[in-house]
Amino acid sequence: MSVLEYLANGLVFSSIIVLASIGLSLVYSIADFANFAHGDTMTVGAYSALVTFGFVGGLGARFLGLPLGFFLALAVGIAVAALVAVITEKVIYEPLEVDSIGMLITSIGVAFVYRALIQFQFGSDFTEFGIQVLRPIEALIPFGIRMTLHDVAIIGSAAILVAGLHTLLQYTDLGRKMRATADNPSLARVSGIRVDRITLWTWVIGAGLAGAGGVFLGLYNQISPRMGFNILLVVFAAVILGGIGSVYGAMLGGFLIGMINQLTPILTDIGIPIGIEYANGIAFVIMVAVLLVRPNGIAGGTGAGT
């Protein structure tokens, strides 16, 4: 593979990691704990979209090699992931009177429950959307890039979602209240902001983005009950690299970690025997190094709006 093809793969994978990282960082900035069920929330979104696609897969014309039914399934995946996260917040997290460590441990249990329910319903085998595999885009092949229209759809959809979140955070009343609540919940409360409502919206947006990331991960690879759990370490590495609690830091960290992950085979090409199977291990090394050298990450983790 050429370097350009590695970079193209990195761009697609980074788009998925960015969506997952933003969601994890958003929830941390408001709820103040590392939600270990975030990866399995991605899985919930992927399986919800898979079921929906089974009903509407052939619906409508094709766009970027995907039937319009896929985008409807994507919307359902986002909605179900958000709904499941909100129910979990209201039923499990909110009534608990424990510190952030207690919440973290609880979220691990929640992740196991999500995964067990999915595995009970769908089994443990890999599956996929059943969308026809496309040939690489002919115009890019002379440059050594084998990218399909599906890859373009993932990158474009992720860019639209990220731009929408940026617009929400910077130019809407809800976004301003989310940033204020992330910076100082007590001050936000005495200023008249309904913190409980803002927290709920944060769960909706964070889990919704995770659901979208799960759907795209299923389109990029395959769908399985452990898909979200398997990628969780990479997502945490991205959030910590960017600065946990910072949305824009999560975007940058997700982009960098995703690129590093997919560029790992280059090491083998230049004589260093570290293949793609060690990519998650490299993400872990980066995460530990950042925690040792710069615990606040690149962006410093100063709030949802920074």
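**Entry 1: the nonpolar patch**

I began with Leu 252, which I found to be partly exposed, with a relative accessible area of 37%. I note at the outset that this is a predicted model, and I read each value below with that in mind. Leu 252 is found in helix α10, and I then looked up which surface feature it belongs to: together with Leu 11, Phe 255, Leu 256, Ile 260 and Ile 298, Leu 252 makes a nonpolar surface patch of about 430 Å².

**Entry 2: helix α4**

Next I followed helix α4, which runs over residues 100-122 and has 23 residues. From its first C-alpha to its last I read a reach of 33 Å, which is close to the 33 Å expected at 1.5 Å a residue. I listed the buried residues of α4 and found Gly 102, Met 103, Ser 107, Val 110, Ala 111, Tyr 114, Arg 115 and Ile 118. When I asked what these buried residues pack against, I found three helices, namely α2 (38-56), α3 (68-93) and α9 (227-242). Just after α4, I noted that Gly 123 takes a positive phi of about 80°.

**Entry 3: the salt bridges**

Asp 40 forms a salt bridge with Arg 115, and the closest N and O atoms are 2.9 Å apart. This pair links distant parts of the chain, as Asp 40 lies in helix α2 and Arg 115 in helix α4, 75 residues apart. Are the two partners buried or exposed? Asp 40 is buried, because its relative accessible area is 1%, and Arg 115 also counts as buried, because its relative accessibility is 8%, where the cut-off for buried is under 20%.

Asp 173 forms a salt bridge with Lys 177, with the closest N and O atoms 3.0 Å apart. I found both residues in helix α6 (residues 173-183), four residues apart, which is about one turn of the helix. Asp 173 counts as partly exposed at 44% relative accessibility, and Lys 177 counts as partly exposed at 30%.

Lastly, I looked at Glu 94 and Lys 90, whose side chains meet in a salt bridge at 3.1 Å, N to O. Glu 94 is partly exposed, with a relative accessible area of 42%, and Lys 90 is likewise partly exposed, with 37%.

Key: Residues are numbered from 1 along each chain as its sequence is written. This is a predicted model: local features need pLDDT of at least 70, side-chain atom pairs count only at pLDDT 80 or more; totals for chains, interfaces and linings use all residues. Side-chain values use heavy atoms; hydrogens and water are left out. Helices (H or I, at least four residues) and strands (E, at least two) are DSSP runs, numbered from the N terminus. The expected span of a helix is 1.5 Å times one less than its number of residues. Buried means under 20% relative accessible area, exposed over 50%, partly exposed in between (1.4 Å probe, protein chains only). Contact means heavy atoms within 4.5 Å. Patches are made of residues with over 30% relative accessible area and no salt bridge: like charges are joined within 9 Å, nonpolar side chains (Val, Leu, Ile, Met, Phe, Trp, Tyr) within 5 Å. Accessible areas come from the Shrake-Rupley method with a 1.4 Å probe; for residues, only the protein chains shown count as cover. A salt bridge is a side-chain nitrogen of Lys or Arg within 4 Å of a carboxyl oxygen of Asp or Glu.
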